[in-house]
Amino acid sequence: MNPRAEVAPSGVEKCAARAHARRITDALEKTPGPTPDQVQEALRGLGYLDERTDGPRRSAGGVGFTLDLRIMGAHLCLDGTVTGTETAVVPYGASPRVSCREVRRSAPDVTSSRA
């Protein structure tokens, strides 16, 4: 198996992804014109550890971030983008042998998006 290939999340991980996406979307919709620092503070406020957060970084008119939620054999990663008017969170699975950002993904399946 190619460690950079996307791994299918389990049913439990898909359910967890929806819950994480709702929490993140709810927290970030209160951040108009977000900066990387504001997004980082919002993620910290939700309990996401800096060691498990890649970014936040400026990207395509907004702020992007990646969360590594792989613990105890799980594969769940989340990519998020916040523009101030829209928040999108995309879940996917990754092998523990690579970083979440190294995964080659198929078409994204947006779990949560608010405009």
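Leaving aside residues up to four places away in sequence, L28 touches V39, A42, F65, V82 and T87, where a contact means heavy atoms within 4.5 Å. This is a predicted model, in which local features need pLDDT of at least 70, side-chain atom pairs count only at pLDDT 80 or more, and totals for chains, interfaces and linings use all residues. Residues are numbered from 1 along each chain as its sequence is written, and side-chain values use heavy atoms, with hydrogens and water left out.

**The core**

L28 is among the residues with the most contacts inside the largest nonpolar core, which has 16 residues. Such a core is a set of buried Ala, Val, Leu, Ile, Met, Phe, Trp, Tyr and Cys residues joined through side-chain atoms within 4.5 Å. Buried means under 20% relative accessible area, exposed over 50%, and partly exposed in between (1.4 Å probe, protein chains only). Two or more residues each come from α1, α2, β2 and β3, and α1 gives the most, with four. Helices (H or I, at least four residues) and strands (E, at least two) are DSSP runs numbered from the N terminus. A second, separate core of six residues includes C77, A94, C100 and V103.

**Helix α2**

Which residues of α2 are buried? In this helix, residues 36-45, they are P36, V39, Q40, A42 and L43. They lie on the same side of α2 because they cover an arc of only 160° around the axis, taken from the directions from the helix axis to the C-beta atoms. D37 and G45, on the other side, are exposed. The cover over the buried residues includes α1 (11-28), β1 (53-59), β2 (62-68) and β3 (76-82).

**Salt bridges**

Side chains of opposite charge can pair when their charged atoms come close. The structure holds five salt bridges, each a side-chain nitrogen of Lys or Arg within 4 Å of a carboxyl oxygen of Asp or Glu. Here are three of them:

| Pair | N to O distance |
|---|---|
| R44 and E41 | 2.3 Å |
| R44 and D50 | 2.9 Å |
| R101 and D54 | 3.5 Å |

The pair of D54, in strand β1, and R101, in the loop between β4 (87-93) and β5 (112-114), links distant parts of the chain, 47 residues apart. Shared partners join E41, R44 and D50 into one network. Within α2, R44 and E41 are three residues apart, so about one helical turn separates them. R44 is partly exposed at 38% relative accessible area, and E41 is partly exposed at 48%.
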